[in-house]
Amino acid sequence: MRAAVLVLAALLTPLPAAAQTTAPPVPAEAPAPAPIPVYGFEVVRAYPHDPGAFTQGLVFRNGELLESTGRSPSTVRRVRLEDGTVVQKRELDPDLFGEGLTVFGDRVLTLTWKGGKGFIWDPVTLEPEGEFAYAGEGWGLTHDETRLILSDGTATLRFLDPQTMVETGELPVTAQGRPLRQINELEWVEGEVFANVWRTDYIVRIDPATGVVTGVIDLGGLMPDRSNLDPTDAVLNGIAWDAEGHRLFVTGKNWPKLFEIRLTGPR
């Protein structure tokens, strides 16, 4: 068994050198941080997925998937779950790199990586309905009842007003007291933020009130044969939650399959 702190060690922000050398020693009686629970998985069902989709955002809505993809051309698309057929799609301008996606009310919202530009789409027709701006990079996007939640690759989640798109706050994300960076695709799951950690096979569970990582989902082995995939870019990314059916879907960039999984553990 691997402790979660070891699983994510490479992505935990190290303490500054000055802090390491000048901080007073920790008292001997100070307890060690509690281990973070690590969850496994069972595959409930596998579905076809477009291997040309460089998945950046994923949402389950009305029996189908809404998906945003990166690279050129970046797209936003409606996808039939059962066979992976792309029912409809829109392409972004070739100079924009598509990123995260969420549905708030009757609007689909998508981000771009470095463009500082987001888009609003009709969820049925995918007709463009507007644009919005935000500072910095855009990676993942989800929402709670009242706020949009944006990741930008750092160890911070940012909150936006869903009507004005004005940033209203931010939340540092920590694992055992240390900032956890490379937070990517996001999904709101029963009061928690589930987040892909870029270039890993792990999803972290984040308490949206404190930013504390309360669990790690280890999806190593989910798709063991990746011999035809780019080992650098074709990584786990894409989380969708079916709130009515209590189903969890995951996939990866350019993966030929999308999986419905059931969590096991913790161990």
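A residue is called buried when its relative accessible area is under 20%, exposed when this area is over 50%, and partly exposed in between (1.4 Å probe, protein chains only). The legends below describe a predicted model, in which local features need pLDDT of at least 70, side-chain atom pairs count only at pLDDT 80 or more, and totals for chains, interfaces and linings use all residues. Residues are numbered from 1 along each chain as its sequence is written, and side-chain values use heavy atoms, with hydrogens and water left out.

**Figure 1. Overview of the protein chain.** Of the 267 residues in the protein chain, 51% are buried. The chain contains two helices and 22 strands; helices (H or I, at least four residues) and strands (E, at least two) are DSSP runs, numbered from the N terminus. Contact means heavy atoms within 4.5 Å. Among contacts between residues at least 6 apart in sequence, 53% join residues at least 24 apart.

**Figure 2. The hairpin of strands E2 and E3.** Strands E2 and E3 form a hairpin with two residues between them. In the turn, Asn-62 has a positive phi of about 50°. The two strands run antiparallel and are joined by six bridges; two strands pair if DSSP finds at least two bridges between them. Leu-58 has Glu-67 in E3 as its bridge partner. Strand E2 (residues 55–61) is mostly covered, with six of its seven residues buried.

**Figure 3. The surroundings of Thr-69.** Thr-69 lies in strand E3 (residues 64–69). This residue is buried, with a relative accessible area of 3%. The side chains of Thr-69 and Thr-75 are joined by a polar contact of 2.7 Å. A polar contact is a pair of N or O atoms within 3.5 Å; within protein, one must be able to donate a hydrogen and the other to accept it, and residues adjacent in sequence count only if both atoms are side-chain atoms. Not counting residues up to four places away in sequence, Thr-69 touches Ala-53, Phe-54, Gln-56, Ser-74, Thr-75, Arg-77 and Gly-98.

**Figure 4. The open sheet of strands E6 to E9.** Four strands form an open sheet in the order E6-E7-E8-E9, with antiparallel pairing. Strand E6 (98–104) and strand E9 (128–133) stand at the edges and have a single partner strand each, so one side of each is left without a neighbour in the sheet. Five bridges join E6 to strand E7 (residues 107–112), and these two strands run antiparallel. Leu-101 stands opposite Thr-110 in E7.
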